[in-house]
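Please look over the sequence and the structure first.

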Amino acid sequence: MQIEKLKEILANNGEPKFRLSQIQKAIYQDGVSAFLEISTISKYLRKLLEKEMKFLSFKVEKILVSKNQNSIKVLLKLSDGNKIETVLLSPMKNKWSVCVSSQVGCALNCVFCATGKGGFQRNLTTEEIADQVLFWKQFIKKNKIKGKISNVVYMGMGEPFLNWKEVKKSLQNLIELNLFGFGARSISVSTAGIPEGILNLAKNFPQVNLAISLHFVRNDLRSRFMPINKIYDLQLLSKSLEEYFKKCNRKVFLEYILIKNINDKISDAEELASFVASFSKKNLLHINLIRGNFTEGKLKPSPFFQIEEFRKYLERKGVSVTVRKSVGEDIQGACGQLAGKVSF
Ligand code: SF4
């Protein structure tokens with residue numbers, strides 16, 4: 001939704017100031033899907049807005065629903081023909097999380113991620129990011145799905161901190177009471193580890209959750225699978241996290257994808273525990289173990305028993321850890337690094 005354009009049209013038509021709030025309420029709180037559905041404004045204005053503005057900045061190309069219906073993924077076609085995906089996941093009954101993309105493609109080229117393999121195309125605009133949430137709001141209403149969106153996670157295609165200007169504005173839109181009105185604590189931003197971005201988040205949105213795609217705690221291994229580590233290695237990442245803790249003293253989530261025979265041995269768990277222990281605020285670090293969901297190439301997910309051993313080891317070492325419940329595996333609906341692996 002191009003909010004600035006909406007304001008402009010209303011001003012040019014001499015509409016009173018409260019008209020904007022009326023329209024925004026209908027769109028962001030009531031979840032209408034077209035200007036023609038807004039009953040609180042005149043028919044003339046409804047038709048004018050329908051003609052002059054696009055409700056969403058993309059068209060739906062394809063929708064995939066998982067067998068147990070707890071994960072829905074859509075492929076969206078942007079106005080320039082580029083495609084992105086967004087996912088709606090229900091890790092808990094009647095609660096939905098929206099996973100949004102922040103870029104078309106990604107420049108970071110992580111070995112385990114198909115988004116990276118496709119290279120970087122362009123940054124998404126504020127509207128294109130926020131509209132993914134708006135789309136799901138409308139989708140839930142139209143399809144009479146029970147529950148509502150309780151979380152938004154920036155874990156889809158792209159590295160959010162490499163598109164900070166637009167990501168920042170989209171975060172403002174999500175939090176803004178007249179728009180989406182989400183609590184900052186119900187939003188999470190995930191990064192492969194861009195120190196400047198981590199500090200920007202701490203400064204501008206201290207209540208928004210930070211997640212780090214860690215996955216490896218040895219520089220040689222991390223650089224092999226995540227080339228960004230050659231620029232921002234684990235020491236720089238740790239330094240920026242210490243700075244983050246000084247500024248906001250909030251829990252940080254470390255994402256760790258377990259890949260068979262690569263980073264899933266007990267010796268890896270040992271190194272991970274030492275990595276966590278090296279922080280001054282180690283109690284603020286929480287490890288999310290994720291079973292890899294690889295569909296191509298040589299990488300294989302860790303066996304379930306291995307993941308359990310890994311988890312138990314970390315727990316014994318006093319590390320706060322959970323195994324992330326996988327949802328939507330049949331549609332490869334897991335967002336984050338695996339989102340880009342989806343082929344439609
Ligand atoms: S995992 Fe994330 S940062 Fe790495 S290439 Fe994929 S989208 Fe980019």
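## Terms and source

A residue is called buried if 20 or more other C-beta atoms lie within 10 Å of its own, exposed if 12 or fewer do, and partly exposed in between, with C-beta atoms placed from the backbone. The model is a predicted one: local features need pLDDT of at least 70, side-chain atom pairs count only at pLDDT 80 or more, and totals for chains, interfaces and linings use all residues. Residue numbers start from 1 along each chain as its sequence is written.

Helices (H or I, at least four residues) and strands (E, at least two) are DSSP runs, numbered from the N terminus. Two residues are in contact if their C-beta atoms, placed from the backbone, lie within 7 Å.

## Two asparagines with positive phi

Asparagine 261 sits in the loop between strand E10 (252-258) and helix H10 (266-277). Its phi is positive, about 60°, although asparagine 261 is not a glycine. Asparagine 261 counts as exposed because it has 10 C-beta neighbours inside 10 Å.

Asparagine 94 also has a positive phi, near 65°, and is a residue other than glycine. It belongs to the loop between strand E3 (83-92) and strand E4 (95-99). Asparagine 94 is exposed, since 10 other C-beta atoms lie within 10 Å.

## Domains

The domain assignment, which comes from an automatic or database source, gives domain 1 (3-52) and domain 2 (58-341). The C-alpha centres of domain 1 and domain 2 are 34 Å apart.

Contact between them involves five residues of domain 1 and seven residues of domain 2. On the side of domain 1 that touches domain 2 there are one nonpolar, four polar and no charged residues. In these classes, Ala, Val, Leu, Ile, Met, Phe, Trp, Tyr, Cys and Pro count as nonpolar, Asp, Glu, Lys and Arg as charged, and the others, Gly among them, as polar.

## The nonpolar core

A nonpolar core is a set of buried Ala, Val, Leu, Ile, Met, Phe, Trp, Tyr and Cys residues joined through C-beta atoms within 7 Å. The largest one here has 84 residues, and those with the most contacts inside it are Val133, Tyr256 and Leu272. Helix H5 (residues 126-142) supplies the largest share of this core, six residues. At least three residues of the core come from each of domain 1 (3-52) and domain 2 (58-341).

Which residues does tyrosine 256 contact, leaving aside its neighbours within four places in sequence? They are Leu214, His215, Leu272, Ile287, Asn288, Leu289 and Ile290.

## Helices H7 and H9

Helix H7 (residues 195-204) and helix H9 (residues 234-248) pack at an angle of about 5°, and their axes are 9 Å apart. H7 is therefore roughly parallel to H9. Angles under 35 degrees count as roughly parallel, over 145 as roughly antiparallel, 65 to 115 as roughly perpendicular and the rest as oblique. Axes are lines fitted to C-alpha atoms, for helices over the stretch in contact, and angles run from 0 to 180 degrees between N-to-C directions.

H7 contributes Pro195, Ile198, Leu199, Ala202 and Lys203 to the contact, and H9 contributes Leu236, Leu237, Ser240, Leu241, Glu243, Tyr244, Lys247 and Cys248. By class, the residues of this contact are nine nonpolar, one polar and three charged.

Glutamate 242 is also in helix H9. It is partly exposed, because 13 other C-beta atoms lie within 10 Å.

Is serine 102 buried or exposed? Serine 102 counts as buried because it has 27 C-beta neighbours inside 10 Å. It is found in the loop between E4 and strand E5 (103-105). Residues up to four places away in sequence aside, serine 102 touches Leu124, Ile129, Tyr154, Gly156, Gly158, Pro160, Asn163 and Val167. Serine 102 and proline 160 are 58 residues apart along the chain, and their C-alpha atoms are separated by 5.5 Å.

Asparagine 70 lies in the loop between strand E1 (58-65) and strand E2 (71-78), and is partly exposed, with 18 other C-beta atoms within 10 Å. Lysine 165, in helix H6 (residues 164-175), is exposed, with 10 other C-beta atoms within 10 Å.
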